[in-house]
Amino acid sequence: MDLRYWLGRAAEVVERWGERFEPFEPHPSHHVDDADFAAAFERFAKRLEHNYPFFHPRYAGQMVKPPHPAAVVGYLAAMRFNPNNHAYEGGPATSDMERECVAALAAMFALPAHVGHLTSSGTIANLEALYVARQSHPGRAVAYSEQAHYTHRRMCHVLGVRGVAVAADGLGRMDADALEAVLRGGDVGTVVVTAGTTGLGAVDPVHEILPLARRYGARVHVDAAYGGFFALPAADPAQAAALDLDPRPWQAIGGCDSVTVDPHKHGLQPYGCGAVLFADPAIGRHFAHDSPYTYFTDAELHLGEISLECSRAGASAAALWLTLQLLPLTPDGFGAVLAGGRRAALAWADLIRDSPDLTLYQQPELDIVTYLPSGTGPLSLAGTDAAGERVLRAGMSAEDDPVYLSLLRVDAADFTRRHPTALADADGARILRSVLIKPEAEHYLPRLHARVTELARTA
Ligand SMILES: *Cc1c(COP(=O)(O)O)cnc(C)c1O
């Protein structure tokens with residue numbers, strides 16, 4: 001699709017619609033001179049050059065990539081109306097789109113029933129899930145893996161709930177036995193499982209933890225902010241096998257109590273698009289509040305009546321809705337996007353395993369590859385940390401052949417568990433980490449590998 005053409009069409013949508021209303025006098029306070037605008041825009045465009053090429057497969061660092069052009073056009077077209085999905089009267093069209101998107105996300109996880117909404121972020125989605133957890137099981141603790149996103153600990157603090165970190169296994173997944181020991185203590189009301197950790201892309205065994213948590217009367221919240229869309233390839237037996245994905249954790253999500261997923265990560269959306277889904281529509285009661293200003297137009301619950309946030313961009317729902325018209329949440333639709341990055345991660349892990357210059361930290365479970373420069377001397381934590389930092393800096397500052405990676409800090413115990421011969425001469429080390437969130441990484445991989453190898457050898 002030709003983005004420039006469709007951006008022009010997006011601008012027309014609101015203009016054509018606006019012609020239904022009689023012309024009125026624009027206020028002079030808004031007026032800007034064309035020449036002033038042009039000059040300001042030049043300064044602005046220059047400022048934006050101070051950026052990293054998230055769009056390019058040379059950028060193989062954090063979980064970021066630009067939105068799909070359909071999302072850009074959908075966002076801008078709707079944003080010209082500026083709907084607010086807090087209340088139905090804030091934007092009927094985009095509120096309806098949001099409900100449809102939420103239903104599609106719930107179907108992706110095979111939730112039998114649901115209530116939910118989009119959020120500004122995964123953090124807010126998790127906050128809402130933990131808020132409902134606290135209201136449902138007052139006075140009881142929340143258990144999460146020590147590898148869970150840092151916001152769980154923080155949000156427990158915000159909510160005044162005790163948080164308990166559970167040990168992870170040798171691949172960074174929540175250890176079911178360690179969890180059971182915590183559950184036996186009796187005061188855990190909710191277990192947070194992570195389907196795709198932010199650091200390593202490790203998938204907690206949801207299918208083992210769900211029955212375990214139930215035996216102890218605990219709720220289960222799935223933080224699938226990053227990994228959630230992998231439910232699509234995992235749902236197709238042929239794709240799951242070809243991509244070496246264990247379908248069982250993904251299949252178990254439908255039996256859990258709540259799920260967070262971030263369309264602004266794998267969902268090809270701009271920032272400002274998370275989602276929280278609850279399996280029991282009755283949890284809406286925990287959000288009961290009265291607003292003297294809103295909720296005049298719809299008999300159904302308004303989105304703002306089931307969320308902690310007030311104003312939210314209707315444009316986010318519009319962007320996701322338009323994207324899902326073209327790339328549906330099916331193994332062949334969105335699943336194919338995820339498959340590309342996953343194949344790239346598997347192929348890179350194989351190349352690194354065979355490389356004398358790089359060492360694989362652990363086998364990737366999704367599309368995050370973690371590795372370290374092999375170096376020439378004996379493997380040590382301090383040496384790994386320094387070499388990783390050198391490779392990162394050298395890659396980013398090489399003007400004619402840059403490559404952008406990221407670092408992940410791991411504890412000494414986690415490191416030596418995977419690499420028992422390493423000298424533990426520091427309490428941890430930063431290893432190299434590449435989130436292959438763009439399916440283009442698959443075709444670019446030979447170049448990426450060659451460049452990172454060269455850096456590991458010379459930096
Ligand atoms: C990214 C992420 C979050 C936080 O989401 P934001 O949208 O960045 O606020 C929470 N949990 C996991 C597993 C994540 O990957």
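Glutamate 98 is buried, with a relative accessible area of 0%; buried means under 20% relative accessible area, exposed over 50%, and partly exposed in between, with a 1.4 Å probe and protein chains only. The model is a predicted one, in which local features need pLDDT of at least 70 and side-chain atom pairs count only at pLDDT 80 or more, whereas totals for chains, interfaces and linings use all residues. Residues are numbered from 1 along each chain as its sequence is written, and side-chain values use heavy atoms, with hydrogens and water left out.

The side chain of glutamate 98 meets that of arginine 312 in a salt bridge (2.8 Å, N to O), the term denoting a side-chain nitrogen of Lys or Arg within 4 Å of a carboxyl oxygen of Asp or Glu. Because glutamate 98 belongs to helix H4 (residues 92–108) and arginine 312 to the loop between E7 and helix H12 (314–326), the pair ties together parts that are 214 residues apart in sequence. Helices (H or I, at least four residues) and strands (E, at least two) are DSSP runs, numbered from the N terminus. Arginine 312 also counts as buried, at 7% relative accessibility.

In the whole structure, 19 salt bridges are found. One of them joins aspartate 401 to arginine 58, with the closest N and O atoms 2.6 Å apart. Aspartate 401 lies in the loop between H14 and E10, and arginine 58 in the loop between H2 and helix H3 (69–79), so this pair ties together parts that are 343 residues apart in sequence. Arginine 58 is buried, with a relative accessible area of 16%, while aspartate 401 is partly exposed at 23%. Another salt bridge connects aspartate 257 and arginine 214 (2.9 Å, N to O). These two residues are 43 apart, aspartate 257 in the loop between helix H11 (247–252) and E6, arginine 214 in helix H8 (residues 206–215). Through shared partners, salt bridges join Arg58, Asp401, Arg451 and Glu454 into one network.

The strands come next. Seven of them form an open sheet of mixed pairing, in the order E1-E7-E6-E5-E4-E2-E3; two strands pair if DSSP finds at least two bridges between them. Strand E1 (115–119) and strand E3 (163–166) stand at the edges with a single partner strand each, so one side of each is left without a neighbour in the sheet. From one strand to the next, the twist averages 20 degrees; axes are lines fitted to C-alpha atoms, for helices over the stretch in contact, and angles run from 0 to 180 degrees between N-to-C directions. Within this sheet, strand E5 (residues 219–224) and strand E6 (residues 258–261) pair in the parallel sense over four bridges, and aspartate 223 stands opposite threonine 260 in E6. Helix H6 (residues 150–159) packs on the sheet, touching E2, E3, E4 and E5, and its direction makes about 170 degrees with that of E2; contact means heavy atoms within 4.5 Å.

A further open sheet has four strands in the order E8-E9-E11-E10, with antiparallel pairing. Its edge strands are strand E8 (358–362) and E10, each pairing on one side only. Here the twist averages 45 degrees from one strand to the next. Helix H14 (residues 381–397) packs on this sheet and touches E9, E10 and E11, its direction making about 40 degrees with that of E11. Seven of the eight residues of strand E11 (residues 428–435) are buried, so E11 is largely enclosed by the rest of the structure.
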